[in-house]
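Take a moment to look over the sequence and the fold before going on.

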Amino acid sequence: SAPLLLYDSSGALVAALGTWPGLERARVTLDGEPARLPPPFARTFLIRSRGRATAVTVTDSLDLSLYRDTTLVLRLIGPAPAAGPSRADLASWELALKRDFPDVAERYLRAIHEAPRVPTLPALEGLGLDDLGRLWIGYRRLATDSLRRWLVLAPDGAPLGHLDLPALPLQALPGGRELLDIAGDRLALLREVPTGEPYVEVRRFHP
């Protein structure tokens, strides 16, 4: 675990919000050179801020805290961590890895084969916070799924509904987030053309 520290725009420390599990990194050798690589199903923390609000959670189960400035205003505790990855999960992840990163997939798989990893699958893979303080929680999906389900919660934690939105082809390696921003009745999604170049798609939703 690592402390979560809040700084203002001048760089001065404002508050310590607690300790949170960090993104696991396996120290391995890749092509003879030391490297720090993420295991495929890491327990991490995600932060999404808008205005004075900040939401923090871990991914193997829902343990979410919502802050206004440095004041804790909501704590959500969700299901217990899921079971470990099944053969189908691993096969789906490896297939997508080889499809999307053909030049490095085999070396990456060899490098992390003996690396330590968390024993459970993530329950969450996305977190957003819109301009009205609503929380957007993205559920885990198989690497080959084209859609991700997002649960939308009111600032007090009450469920408002859900949306199925396009998912990026693979999010097992560090990269951009799918849900870039939500304001008013519009949301911005990070998308990719078939050759991998990213672009931004803006959609309008009707509550």
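## Overall picture

Of the 207 residues in the protein, 40% are buried, where buried means under 20% relative accessible area, exposed means over 50% and partly exposed lies in between (1.4 Å probe, protein chains only). The model is a predicted one, in which local features need pLDDT of at least 70, side-chain atom pairs count only at pLDDT 80 or more, and totals for chains, interfaces and linings use all residues. Residues are numbered from 1 along each chain as its sequence is written, and side-chain values use heavy atoms, with hydrogens and water left out.

The protein contains two helices and 15 strands; these are DSSP runs numbered from the N terminus, with helices being H or I of at least four residues and strands E of at least two. Accessible areas come from the Shrake-Rupley method with a 1.4 Å probe, and for residues only the protein chains shown count as cover. Among contacts between residues at least 6 apart in sequence, 40% join residues at least 24 apart, a contact being heavy atoms within 4.5 Å.

Leu5, Tyr7 and Leu13 make up a nonpolar surface patch with about 300 Å² of accessible area together. Patches take residues with over 30% relative accessible area and no salt bridge, joining like charges within 9 Å and nonpolar side chains (Val, Leu, Ile, Met, Phe, Trp, Tyr) within 5 Å.

Leaving aside neighbours within four places in sequence, Leu5 is in contact with Leu13, Ala15 and Ala16. The C-alpha atoms of Leu5 and Ala16 are separated by 4.6 Å, although the two residues are eleven apart along the chain.

Strand β10 (residues 135-139) pairs with strand β11 (residues 147-153) in the antiparallel sense over four bridges; strands count as paired if DSSP finds at least two bridges between them. Here Leu135 stands opposite Leu153 in β11.

On to the next pairing: β11 and strand β12 (residues 159-166) run antiparallel and are joined by seven bridges, with Arg148 opposite Leu165 in β12. β11 and β12 form a hairpin with five residues between them, and Gly157 in the turn has a positive phi of about 95°.

Strand β13 (residues 179-183) and strand β14 (residues 186-192) are antiparallel and share four bridges. Ile182 stands opposite Leu187 in β14. Two residues lie between the strands of this hairpin, where Gly184 takes a positive phi near 60°.

Leu187 turns up again among the neighbours of Glu201. Not counting residues up to four places away in sequence, Glu201 touches Leu187, Ala188, Leu189 and Arg191. Glu201 belongs to strand β15 (residues 198-204), and its side chain makes a polar contact with the side chain of Arg203 at 2.6 Å. A polar contact is a pair of N or O atoms within 3.5 Å; within protein, one must be able to donate a hydrogen and the other to accept it, and residues adjacent in sequence count only if both atoms are side-chain atoms.

## Salt bridges

How many salt bridges does the count come to? There are eight, each defined as a side-chain nitrogen of Lys or Arg within 4 Å of a carboxyl oxygen of Asp or Glu. One of them joins Glu106 and Lys98, with the closest N and O atoms 3.6 Å apart. Glu106 is partly exposed at 42% relative accessible area, and Lys98 is partly exposed at 37%.

Another salt bridge brings together the side chains of Glu178 and Arg148 (2.8 Å, N to O). This pair links distant parts of the chain, with Glu178 in the loop between β12 and β13 and Arg148 in strand β11, 30 residues apart. Both partners count as buried, Glu178 at 6% relative accessibility and Arg148 at 2%.

Asp185 forms a salt bridge with Arg204, the closest N and O atoms being 3.2 Å apart. Asp185 lies in the loop between β13 and β14 and Arg204 in strand β15, so the pair ties together parts that are 19 residues apart in sequence. Asp185 is partly exposed at 30% relative accessible area, as is Arg204 at 48%. Finally, salt bridges with shared partners join Glu125, Arg148 and Glu178 into one network.
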